[in-house]
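Thanks for coming, everyone. Please take a look at the structure on the screen, and then I'll walk you through it.

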Amino acid sequence: MKVLIINGPNLNMLGAREKEIYGETTLADMNAEIAKEMLAYGIETVFYQSNIEGEICGAVQQVKSTYGADGLVINAGAYTHYSRAIGDALGCIKVPKVEVHISNVHAREDFRHVSVLADNCNGVICGFGSDSYKLACLAIKGIYDRAK
Ligand code: DQA
């Protein structure tokens with residue numbers, strides 16, 4: 001089975017941005033690590049990153065048609081906290097969806113405690129660095145396998 005992993009604004013800056021919060025690994029290296037580890041579980045991954053809200057909505061809508069994916073992992077960055085458009089896009093698709101964050105958003109500023117995406121996702125995983133994405137892929141595989 002296949003999972004689309006979407007990263008939103010400023011996640012292309014991983015490795016350079018606020019290293020004390022997000023670590024030293026670049027997005028390309030993190031994606032390569034996720035792809036390699038998930039293959040051992042029979043999960044193929046495909047990656048998309050954009051800093052632009054509408055482009056993220058487009059990628060969400062195309063989870064099946066363009067990406068042929070069975071599930072979606074999304075780290076929408078700061079859009080998580082206020083993008084009703086991305087929240088609505090998630091509501092448009094039927095595949096299992098997990099919101100993820102590298103940092104523990106609940107241990108940070110108040111505005112990061114709010115998600116306008118979570119109610120349209122199966123669940124949320126945050127605070128485990130790159131493992132947040134891997135745990136989300138495994139959660140999606142669990143839903144997929146049980147539905148078979
Ligand atoms: C983030 C947390 C968000 O609050 C922040 O705006 C990000 C990254 C995370 O992965 O920890 O850009 O989504």
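Start at the ligand, with Ser103. An N or O atom in the side chain of Ser103 sits 2.6 Å from an oxygen atom of the ligand. That is a polar contact, meaning a pair of N or O atoms within 3.5 Å; within protein, one must be able to donate a hydrogen and the other to accept it, and residues adjacent in sequence count only if both atoms are side-chain atoms. How much of the ligand does the protein bury? Taken alone, the ligand exposes 320 Å², and the protein buries 99% of that. Those areas come from the Shrake-Rupley method with a 1.4 Å probe; for residues, only the protein chains shown count as cover.

A word on the source. This is a predicted model, where local features need pLDDT of at least 70 and side-chain atom pairs count only at pLDDT 80 or more, while totals for chains, interfaces and linings use all residues. Residues are numbered from 1 along each chain as its sequence is written, and side-chain values use heavy atoms, with hydrogens and water left out.

Back to the ligand. Asn75 puts a polar side-chain atom 2.8 Å from a ligand oxygen. Ile102 uses its backbone: a polar atom there is 2.8 Å from an oxygen of the ligand.

Who else is around the ligand? The residues are Arg17, Tyr22, Asn75, Gly77, Ala78, His81, His101, Ile102, Ser103, Val105 and Arg112. Each has a heavy atom within 4 Å of the ligand. By type, this shell has four nonpolar, five polar and two charged residues. Here Ala, Val, Leu, Ile, Met, Phe, Trp, Tyr, Cys and Pro count as nonpolar, Asp, Glu, Lys and Arg as charged, and the others, Gly among them, as polar.

Take His101 from that list. His101 lies in strand E4, residues 97-101. Helices (H or I, at least four residues) and strands (E, at least two) are DSSP runs, numbered from the N terminus. Is His101 buried or exposed? His101 has a relative accessible area of 5%, so it is buried. The cut-offs: buried is under 20% relative accessible area, exposed is over 50%, and partly exposed is in between, with a 1.4 Å probe and protein chains only. Not counting residues up to four places away in sequence, His101 touches Asn75, Thr80, Ile125, Cys126, Gly127, Phe128 and Ser132. Contact means heavy atoms within 4.5 Å.

Now the nonpolar cores. A core is a set of buried Ala, Val, Leu, Ile, Met, Phe, Trp, Tyr and Cys residues joined through side-chain atoms within 4.5 Å. In soluble globular proteins, nonpolar side chains tend to be buried together. The largest core here has 21 residues, and Ile6, Val60, Leu72, Ile74, Ile86 and Leu90 touch the most other members. Which elements give two or more residues to this core? They are strand E1 (2-7), helix H3 (53-61), strand E3 (71-75) and helix H4 (84-92). H3 gives the most, with four residues. There is also a second, separate core of 20 residues, and Tyr22, Ile43, Ile125 and Tyr133 are among them.

Let's visit some residues. Leu72 is in strand E3. At 0% relative accessibility, Leu72 is buried. Leu72 and Ile6 are 66 residues apart in sequence, yet 7.6 Å apart in space, C-alpha to C-alpha.

Val60 next. Beyond its neighbours within four places in sequence, Val60 contacts Ile6, Leu72, Ile74, Ala89, Leu90 and Ile93.

On to helix H4, where we find Ile86. Ile86 is buried, at 0% relative accessibility. With neighbours within four places set aside, Ile86 contacts Glu53, Ile56, Cys57, Ile74, Tyr79 and Leu117. Ala89 is in helix H4 too. Ala89 has 4% relative accessibility, so it counts as buried. Its C-alpha is 8.1 Å from that of Gly58, 31 residues apart along the chain.

Last stop: backbone angles. Most residues other than glycine have a negative phi, and most peptide bonds are trans. Asn10 has a positive phi, near 75°. Asn10 sits in the loop between E1 and helix H1 (19-22), and is partly exposed at 40% relative accessibility. Glu18 has a positive phi of about 30°. Glu18 also lies in the loop between E1 and H1. At 36% relative accessibility, Glu18 is partly exposed.
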